[in-house]
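Please find below a colleague's note on the model shown here.

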Amino acid sequence: MGQILWVGFGGFLGSIGRYLLSEYVQYLMRGRVFPYGTLVVNLIGCLGIGFLFQWVETRGLLNPEIRLFVFVGLLGGFTTFSTFGNETMNLWQAGDSAAAFTNVVLHVGLGLGAAWLGHIIAYGIWK
């Protein structure tokens, strides 16, 4: 039961953080239909999980409950694949196939790149 609570609390905080940051980014991009807010939170989440995973694995840090809190709860709640999928379909259905394709390429390409960069940064710092 304790593990479920750690994941739930992390997910609660991650989801709130995602909502606030995504809304703020979309506010800054007034008038733009492209889902920049979701892209930003997913890229930050990919960078964060890449960095933290490398750091934790190379140092043997964090007990299992805190790992669940951070990786499954916090970062899992912060990033959102389902919203990315829905926003991509909305762009496609609105007839903006170029924006839909761009959204997919940016999320996948930059997301993988951000996770890789996080690993590289953590590896270099704590080598």
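**Note on the predicted model**

1. From the N terminus on, the elements of the chain follow the order α-α-α-α-α. There are 5 helices and 0 strands, where helices (H or I, at least four residues) and strands (E, at least two) are DSSP runs numbered from the N terminus. This is a predicted model, in which local features need pLDDT of at least 70 and side-chain atom pairs count only at pLDDT 80 or more, while totals for chains, interfaces and linings use all residues. Residues are numbered from 1 along each chain as its sequence is written, and side-chain values use heavy atoms, with hydrogens and water left out.

2. Overall dimensions and surface. The C-alpha trace spans about 50 × 35 × 25 Å along its principal axes. Of the 127 residues of the chain, 29% count as buried; buried means under 20% relative accessible area, exposed over 50%, and partly exposed in between (1.4 Å probe, protein chains only). The accessible surface of the chain comes to about 7800 Å², and 71% of that surface belongs to carbon and sulfur atoms. Accessible areas come from the Shrake-Rupley method with a 1.4 Å probe; for residues, only the protein chains shown count as cover.

3. Contacts along the sequence. Among contacts in the chain between residues at least 6 apart in sequence, 68% join residues at least 24 apart. Contact here means heavy atoms within 4.5 Å.

4. Helices α1 and α3. Two packed helices are described by the angle between their axes and the distance between the axes. The axes of helix α1 (residues 2-28) and α3 come within 6 Å and cross at roughly 30°; axes are lines fitted to C-alpha atoms, for helices over the stretch in contact, and angles run from 0 to 180 degrees between N-to-C directions. α1 is therefore roughly parallel to α3. Angles under 35 degrees count as roughly parallel, over 145 as roughly antiparallel, 65 to 115 as roughly perpendicular and the rest as oblique. The contact involves Q3, W6, V7, F9, G10, G11, L13, G14, S15, G17, R18 and L21 on the α1 side, and E65, I66, L68, F69, V72, G73, L74, G77 and F78 on the α3 side. By class, the contact residues of α1 with α3 are 11 nonpolar, 8 polar and 2 charged. Ala, Val, Leu, Ile, Met, Phe, Trp, Tyr, Cys and Pro count as nonpolar, Asp, Glu, Lys and Arg as charged, and the others, Gly among them, as polar.

5. Helices α2 and α3. What is the relative direction of α2 and α3? Helix α2 (residues 36-59) and helix α3 (residues 64-78) have axes that come within 9 Å and cross at roughly 165°, so α2 is roughly antiparallel to α3. Their crossing is left-handed; a crossing is left-handed if the near helix is turned anticlockwise from the far one by less than a right angle, and right-handed if clockwise. From α2 the contact draws on V41, I44, G45, G48, I49, L52, F53, V56 and E57, and from α3 on R67, V70, F71, L75 and F78. These residues divide into 10 nonpolar, 2 polar and 2 charged.

6. Helices α2 and α5. The axes of α2 and α5 are 7 Å apart, and the helices pack at an angle of about 30°; α2 and α5 are therefore roughly parallel to each other. The crossing of α2 past α5 is right-handed. Of the residues in this contact, 16 are nonpolar, 8 are polar and none is charged.

7. Residue Q54. Leaving aside residues up to four places away in sequence, Q54 touches H119, A122 and Y123.

8. Residue L62. L62 is located in the loop between α2 and α3. Although L62 is not a glycine, its phi is positive, at about 70°. L62 counts as partly exposed because its relative accessibility is 35%.

9. Residues E87 and A94. E87 belongs to helix α4 and touches P35 and T38, residues up to four places away in sequence not being counted. A94 sits in the loop between α4 (81-93) and α5 (97-125); with a relative accessibility of 65%, A94 counts as exposed.
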